[in-house]
Amino acid sequence: MDGLQNYTLFLLCALLPWNYFSGVVNGGMGALTGNANLIKKTAFPRQHLVLAASAALFVTFTIEMAVLLLALVVFGVNPLLWIVPTLVLMVLLAVFATGLGLVFAVANVYFRDSAHFVAIGLQVLFYATPVIYPITLVQDVSPDSLVARFHIDSLYFANPLVHYVEAFRDLLYEQAVPSLTTIAVVVGCAIASLWLGLAVFNRFSGRLAEEL
Amino acid sequence: MGDIAVETSGVSKRFRLYHERNQSLKAAFMRGRRAKFEEFWALQDIDLQIPAGKTFGLIGHNGSGKSTLLKCLAGILVPDRGSIGVHGRVSALLELGAGFHPELSGRDNVYLNGSILGMSRKQIDRQFDEIVDFAGLETFIDTPVKNYSSGMYVRLGFSVAINVDPEILMVDEVLAVGDESFQRKCMEKFADFRAQGRTVIIVSHALGTMRSMCDEVAWLDHGKLQGVGRPSDLVDEYVGASHEDRTQAPGDSTSSGGSRWGSQEITLDGAELLCDGRVTSQVSTGADVTFRLRWTAPEPVAEPVFGMAIYSLEGVHVTGPNSQDVGLSTGTVHGSGHVDVHVPTLMLTPGTYQVTAAVLDSTGTHAFDHRDRMFRFDVTAGHPRDRYGVVSLGGSWDVAVDRAPVT
Ligand SMILES: Nc1ncnc2c1ncn2[C@@H]1O[C@H](COP(=O)(O)OP(=O)(O)OP(=O)(O)O)[C@@H](O)[C@H]1O
Ligand SMILES: [Mg+2]
């Protein structure tokens, strides 16, 4: 299917994962500061607050994706084969988003205005990710020199979300297996992000009750 | 569970005293640093063994680190040095209320708090009525807790904390905001806990309660452990020490006691306790004593009213005689002199007492000189031999048989 054949479906395939991602990052930011009272008065593993925020959003995300699946069926696509890979991908995205959520949760405790910067960052990221436009739009740009071309590409594709979004679109919209590179990036980024998130969190979680 | 419920060894906790704290990226960037702070040790090398099944008290002045220690034991703060071993399930109720979410209703908070304390939904369902009942908040349970009064807040928090079946209960000074009936309920609960062999760790400034409730207390002073021992000994020692800062040696007539106010037309220069004609700081129950207040009046003052008050160390106002109430006319005083209050039999039970003295104008409303806690004196056992309360009524006892058993 071409991107312009059914723009709504094309858009939703990427927009729903994107919304989930930005939801987790934003939710993670508020998870610690919004529960200061709980952290200062009770003992429990602090990461649960971020995980809970992420899990709650994941439920919504799953429902939205189920509706999208239904819509795809109505429009004559048979996505049943792709349900399991999509679920796996959703989990990978959840892991990736939660890892970042953990980092920003801590950042927001130390710098209460991080939320503003993250909001701006997310907005930039939104346009730097092929959510509302097809990725071919970027790939087709051909600046004069090869060098410039190389720079734009490597910068653009350094954004992990490009790969997540593309993977979703491949599975649901194009009904194709994502490329090996995409799969590798998606899995790698999920692991890396979770590792980073837990490392940062464990480093700072002992002092949360004092800093809040 | 072994014999020790909680043990700490060399626990130290350091806080940051911020002089400048840039909590926003913007400020941190503009000022070129995140924070400027000094380090401050709130706890230093605390070694404690809290035996299982005992009620353990923590006492100490404001800021001595009691709450900090309790938070370390509860796992909320992580000590910078040392180790803590906790053997048993802990439920903690820290200063001013549990970790409630202000926007959630009481009901939701019970579930939230219960699950944080390790209960399953089913368990909470089963306990729910009991929790609400103990807190006495049936009508308010669906109101957001931000609209609770502080007493209601603590009631609910305490009720959750004790109903999660903890092996170790930690309570920090919260009971003070509960009303009389709730405090009594709590005391009964503590007694139940003790009878059931659970450990209770409690922080309080209500020294009388601490004395009667605890099996053992620890005294913290500026973050250091000052001593661990029997409550009666340690509480006295603590109270003694905290008054030494404020009063000089007991019985010293020139001591500059606690707070002092007044317009100084007449001043109280000293007060002392006399027994057998000698100044003393220790008398026995039933002794014949005289309290002497020394005054100076640079200008003549008409009809001043002299008064004194005796307080127990726990702050009980035992008595407060004054010259106006007994109908004494003091005339016009000028120069310097003293006032004696003669007490033929001092009916105070053994303990330490403090004397406050004042001289007021003839209406008894304006203070010329009011001197709080001027000196302390000890009462030792004598006759009558009473141990409890602050006064002895000196009653005589008689046992009679009204009806002999029918044989
Ligand atoms: N989060 C914090 N950051 C910086 N300093 C702190 C923090 N918490 C406590 N302190 C400091 O640690 C010291 C001990 O405080 P703590 O609350 O333990 O006293 P306390 O013995 O409970 O006193 P009180 O009788 O008033 O309850 C105080 O000087 C306090 O200012
Ligand atoms: Mg305290």
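In this predicted model, 23 residues of chain A are in contact with 31 residues of chain B. Together the two chains bury about 2000 Å², with carbon and sulfur atoms giving 54% of that area. Chain B itself has eight helices and 19 strands, and its C-alpha trace spans about 95 × 75 × 45 Å along the principal axes. Here is a tour of the interface, the salt bridges and a few spots inside chain B.

**Where chain A meets chain B**

- Three residues stand out on the chain A side: A:Lys41, A:Phe111 and A:Glu210 supply 29% of the area that chain A buries against chain B, more than any other three residues.
- The count of salt bridges between the two chains is one, and A:Glu210 forms it with B:Lys13, the closest N and O atoms being 2.6 Å apart.
- Residue pairs in polar contact between chain A and chain B number three, with both residues at pLDDT 80 or more.
- Helices H2 (36-41), H4 (83-110), H5 (114-127) and H10 (208-211) of chain A each supply at least two residues of the side that touches chain B.
- The largest share, five residues, comes from H2(A).
- By residue class, the side of chain A that touches chain B divides into nine nonpolar, six polar and eight charged residues.

**Salt bridges**

- Over all chains, the structure holds 16 salt bridges.
- One network of salt bridges links A:Arg207, A:Glu210, B:Lys13, B:Arg14, B:Glu39 and B:Asp80.
- B:Glu39 lies in strand E2 (residues 35-51) and B:Arg14 in strand E1 (residues 4-21) of chain B, so the pair ties together parts that are 25 residues apart in sequence.
- B:Glu39 is partly exposed at 42% relative accessible area, and B:Arg14 is partly exposed at 29%.
- Elsewhere in chain B, the side chains of B:Arg89 and B:Asp165 meet in a salt bridge with an N to O distance of 3.3 Å.
- This pair ties together parts that are 76 residues apart in sequence, because B:Arg89 sits in the loop between strands E4 (81-86) and E5 (90-93) and B:Asp165 in the loop between H5 and E6 of chain B.
- B:Arg89 is partly exposed, with a relative accessible area of 34%, as is B:Asp165, with 39%.
- B:Glu103 forms a salt bridge with B:Lys146, the closest N and O atoms being 3.3 Å apart.
- That pair links the loop between E5 and H3, which holds B:Glu103, to the loop between H4 and H5, which holds B:Lys146, 43 residues apart.
- B:Lys146 counts as partly exposed, at 47% relative accessibility.

**Strand E18 of chain B and its partners**

- Eight of the ten residues of strand E18 (residues 351-360) of chain B are buried, so the strand is largely enclosed by the rest of the structure.
- Strand E15 (residues 305-312) of chain B pairs with E18(B) in the antiparallel sense over eight bridges, and B:Met308 has B:Ala357 as its bridge partner in E18(B).
- Strand E19 (residues 367-380) of chain B also runs antiparallel to E18(B), joined by nine bridges; B:Val359 stands opposite B:Asp369 in E19(B).
- E18(B) and E19(B) form a hairpin with six residues between them, and B:Gly364 in the turn has a positive phi of about 75°.

**Helix H3 of chain B**

- The buried residues of helix H3 (residues 106-116) of chain B include B:Asn109, B:Val110, B:Tyr111 and B:Ile116.
- What covers the buried residues of H3(B) includes H2 of chain A, along with helices H4 (121-135) and H5 (150-163) of chain B.
- B:Gly118, with a positive phi near 95°, follows H3(B).

**Two loop residues, and chain B overall**

- B:Met347 is found in the loop between strands E17 (332-343) and E18 of chain B, and is partly exposed at 27% relative accessible area.
- Beyond its neighbours within four places in sequence, the contacts of B:Met347 include B:Pro384, B:Val390 and B:Leu393.
- B:Val174, in the loop between strand E6 (168-172) and helix H6 (180-195) of chain B, is buried with a relative accessible area of 1%.
- Of the 407 residues of chain B, 45% count as buried.
- Among contacts in chain B with a separation of 6 or more, 71% are between residues 24 or more positions apart.

How values were computed
Residues numbered from 1 in each chain as written. Chains lettered and ligands numbered in written order. Predicted model: local features only at pLDDT ≥ 70, side-chain atom pairs only at ≥ 80, totals over all residues. Heavy atoms only, no water. Buried < 20%, exposed > 50% of the residue type's maximum accessible area, 1.4 Å probe, protein only. Helix = DSSP H or I, 4+ residues; strand = E, 2+ residues; numbered from the N terminus. Pairing = 2+ DSSP bridges. Contact = heavy atoms within 4.5 Å. Buried area = accessible area lost by both parts, 1.4 Å probe. Salt bridge = Lys/Arg side-chain N within 4 Å of Asp/Glu carboxyl O. Polar contact = N/O pair within 3.5 Å; in protein donor to acceptor, adjacent residues only side chain to side chain. Nonpolar A, V, L, I, M, F, W, Y, C, P; charged D, E, K, R; others polar.
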